[in-house]
Amino acid sequence: MKDTDQSDGTLGFASSVLAVCAHPDDESFGLGATLAHLTGLGADVAVLCFTHGEASTLGKWSGPLREIRSSELAAAAAELGVGRVELLDYPDGALSTVPLALLSGEVERLACDVGAGLVLVFDEAGITGHPDHVRATEAALAASVDVPVLAWSLPQQIAAMLASELGLTFLGRQPDEMHIALQVDREAQRRAISRHTSQCTDNPVVWRRLELQGDKEFLRWLRRPEQAAIRAESEAPERARHGTPAHASPADDPPAHASPAEYPPAHGAGSHGHGGRFRELAAEWDRRYEASPQLFRSEPDATLVELAGPLVPGRAVDLGAGEGRNSLWLARRGWDVLSVDASEVALRRLRSAASSEGLSLGAVVGDLLTELESFDARHVSFGLVVMAFVHPPPQERRELLTAVARAVSPGGHLFVVGHHIDSIGLAGPQDAMRLYTDDDLARAALGLEVLRLERRRGVSDVEETGTDALLWARRPA
Ligand SMILES: [Zn+2]
């Protein structure tokens, strides 16, 4: 990308631009004129949209809103000359409950994929102040992508007029906070907005705003080109793999949310072949949890505490998290934790415990193998992968162990513990086929550096008997 000339208020040229937004329509209602300007200059523009906008209460529609909004987005993007649209399935209205590292991982992946030279976002205050807008911009800034980040912003004067005319709050900027004034033609934007039929037919606010904005768009640098260049130099050696963050940075996370909510996995629940079996398993675990106010002990695994205690916190996944004894400990230590379990009942307990401690973590009801495949497909990996006392049948156990190892990012660690086959009759499942052998864990460690592969006296989540099989391994950086 050529350096952007700010002195005369024009936007320089980036041959590939990635726009990151929260809702289908943000790219048109908000960024539309700027995107059309860029495609008019010959840039390849891609749009990453985190949610399907299923929570919208605007306008009228018939039929499933998700699908409608998805096809509206495609049509609007075509009007703007946008070449590629990636519509993800994070929860509309609850983006701030999704771990930042997951969202920024999506940005990294697509930015690398399209070779973005510029990332375009909403003002970090979110323009309307919608928390999803704020989160989408946070995610773009947290991504380990060394490109300039430019934000669409609204002049304070226009925000004030909208407030007095319509009684709506917009978060505007003073003239000295904005760096680029772009002269735009709004024709393509108007056409794109009209494609969002479910959102625009009864939406006087957007039309009035455009009227007040006239043929000007104001933009502000959240990361200037020269800052991006410095970042690229200082971080280059840290990043070992294309599209993988050097580390997650929970320190960048906003303060803990009142109630971390479940969000759906990135694919439909019924999209995998063993959906029926998963539902049975989930129901069985829900029953087990419901039968007791607390099924498992609440202290974290002592060996995990010993081994992971000294690590610098990053992004972690806890597979088969249950009521969250390990997840909660990790979150207290500052890890950006994603907890996955088949049981909604268990995760509800986990969320409530997290929220009472003011901890922020993501909790997903899902099949472990399916979730791991989804991480793999989306190039999402973790600085720490934990799987404690998960005992599926042998074939699935082997697949799981291969998948957990793949989910470890370079320099990251894997902790697996389960009942050893020697425990048969003493601890764990009564079916010997479901117990861990030494070979199982050795195979899981292929490609990793084994730090500990051993048996320990059984100290599982319930019993203190029998023998546990334990693996602690690291992926070379
Ligand atoms: Zn929006």
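This is a predicted model: local features need pLDDT of at least 70, side-chain atom pairs count only at pLDDT 80 or more; totals for chains, interfaces and linings use all residues.

Reader: Which strands does E8 pair with?

Author: E8 pairs in the parallel sense with strand E9 (residues 336–341) over five bridges, and it also pairs in the parallel sense with strand E11 (residues 382–388), over four bridges. To find these pairings in the model, you could look at Arg315, whose bridge partner in E9 is Asp336, and then at Ala316, whose bridge partner in E11 is Leu384.

Reader: How does the chain get from E8 to E9?

Author: The chain crosses from E8 through helix H13 (residues 325–332) to E9, and this β-α-β crossover is right-handed.

Reader: Let's stay with that helix: is Leu330 buried or exposed?

Author: Leu330, which is found in helix H13, has 27 other C-beta atoms within 10 Å, and because the cut-off for a buried residue is 20 or more, Leu330 counts as buried. Leaving aside its neighbours within four places in sequence, Leu330 is in contact with Ala316 and Asp318, and also with Trp335 and Val337.

Reader: And how far is Leu330 from Val317?

Author: Their C-alpha atoms are separated by 9.6 Å, with the two residues 13 apart along the chain.

Reader: New topic: how many residues are in the largest nonpolar core, and where does it lie?

Author: The largest nonpolar core has 128 residues, and those with the most contacts inside it are Val20, Val119 and Val404. Its largest share, seven residues, comes from helix H4 (residues 100–114). Domain 1 (8–241) and domain 2 (275–474) both give residues to this core, so it lies between them.

Reader: What does Val404 touch, beyond its neighbours in sequence?

Author: Leaving aside residues within four places in sequence, the contacts of Val404 include Leu319, Leu372 and Val385.

Reader: Last one: where is the pLDDT under 50?

Author: One such stretch is residues 236–273, for which the model has 86 contacts beyond four places in sequence. The protein chain as a whole averages a pLDDT of 83, and 85% of the residues score at least 70.

Definitions and conventions
Residues are numbered from 1 along each chain as its sequence is written. pLDDT is the predictor's confidence in each residue, from 0 to 100. Two residues are in contact if their C-beta atoms, placed from the backbone, lie within 7 Å. A nonpolar core is a set of buried Ala, Val, Leu, Ile, Met, Phe, Trp, Tyr and Cys residues joined through C-beta atoms within 7 Å. A residue is buried if 20 or more other C-beta atoms lie within 10 Å of its own, exposed if 12 or fewer, and partly exposed in between; C-beta atoms are placed from the backbone. Helices (H or I, at least four residues) and strands (E, at least two) are DSSP runs, numbered from the N terminus. Domain bounds come from an automatic or database domain assignment. Two strands pair if DSSP finds at least two bridges between them. A crossover is right-handed if, with the strands pointing away from the viewer, the path from the first strand over the helix to the second runs clockwise.
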